[in-house]
Amino acid sequence: MRSNLNTYSGGCSCGEVRYSIFDIPIFTHACHCSLCQRYTASAFVVHSAIETNNFSLVSGKLIDTPGPSGSGSIHRVYRCKTCFDQIYSHYNFVENNGVLILKTTTLDNPNIFPPQAHIFLKNKLDWVKIDQDTPKFKGMYKREDVYSIESLKRRRLVE
Ligand SMILES: [Zn+2]
Ligand SMILES: [Zn+2]
């Protein structure tokens with residue numbers, strides 16, 4: 001199994017699914033849209049983009065289920081076959097699925113990848129307070145506006 005300094009592990013709540021990622025995420029954001037609120041049954045979702053080949057399922061089985069999408073495009077949510085916890089998503093606007101969107105809070109230590117942007121603030125719940133320094137957007141951002149040069153490079157390599 002691959003391993004390096006930037007290996008991080010995570011899994012589902014029943015414990016059957018365990019996975020590793022082999023680099024820091026390309027970018028992490030929190031989405032406050034009402035679809036994310038519904039399908040997480042929470043105030044917002046935290047999503048990390050990472051190259052699909054930097055993700056490895058270590059144990060358990062994933063099933064893919066249709067997910068909601070504000071854009072109307074197809075969105076697949078990959079879940080633990082046993083407890084149905086969401087692990088990652090593929091969006092069809094990501095050509096050839098070179099990037100997956102990891103559910104950041106399934107990591108064993110999600111604290112190390114805080115959101116680098118907050119999106120869809122127009123749907124944000126009033127009681128959610130966001131720190132001053134993190135970029136905020138009414139809707140979606142343009143990658144060029146928030147990604148580092150390095151992250152833009154990584155993202156372009158897999159599209
Ligand atoms: Zn599970
Ligand atoms: Zn959302």
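Modeller: **The sheet and the core**

From the N terminus on, the elements run β-β-β-α-β-β-β-β-β-β-β-α-α. That comes to three helices and ten strands. Both kinds are DSSP runs, numbered from the N terminus: helices are H or I with at least four residues, strands are E with at least two. The model is predicted, so local features need pLDDT of at least 70 and side-chain atom pairs count only at pLDDT 80 or more, while totals for chains, interfaces and linings use all residues. Residues are numbered from 1 along each chain as its sequence is written, and chains are lettered from A and ligands numbered from 1 in the order in which they are written.

Start with the sheet. Seven strands form an open sheet in the order β6-β7-β8-β9-β4-β3-β10, with mixed pairing. Two strands pair if DSSP finds at least two bridges between them. β6 (62-66) and β10 (117-119) are the edges; each has a single partner strand, so one side of each has no neighbour in the sheet. From one strand to the next, the twist averages 30 degrees. For such angles, axes are lines fitted to C-alpha atoms (for helices, over the stretch in contact), and the angle between N-to-C directions runs from 0 to 180 degrees.

Now zoom in on β8 (residues 86-91). Strand β7 (residues 75-80) runs antiparallel to β8, and five bridges join them. Here His-75 stands opposite Tyr-91. Tyr-88 has Leu-102 as its bridge partner in β9. For Ser-89, the partner in β9 is Ile-101.

A nonpolar core is a set of buried Ala, Val, Leu, Ile, Met, Phe, Trp, Tyr and Cys residues joined through C-beta atoms within 7 Å. Buried means 20 or more other C-beta atoms within 10 Å of a residue's own, exposed means 12 or fewer, and partly exposed lies in between; C-beta atoms are placed from the backbone. The largest core has 20 residues. Those with the most contacts inside it are Ala-49, Ile-50, Ile-87, Tyr-88, Leu-100 and Leu-102. At least two core residues come from each of β2 (18-21), β4, β7, β8 and β9. β9 gives the largest share, four residues. A second, separate core has nine residues, among them Ala-30 and Phe-120. Nonpolar side chains tend to be buried together in soluble globular proteins.

Ala-49 touches residues beyond four places away in sequence, including Pro-25, Val-99 and Arg-155. Touching means that the C-beta atoms, placed from the backbone, lie within 7 Å.

Finish at a loop. Asn-53 sits between β4 (45-51) and β5 (55-59). It counts as partly exposed because it has 13 C-beta neighbours inside 10 Å. Its C-alpha atom is 7.4 Å from that of Gly-98, 45 residues apart along the chain.

Definitions and conventions: Contact = placed C-beta atoms within 7 Å.
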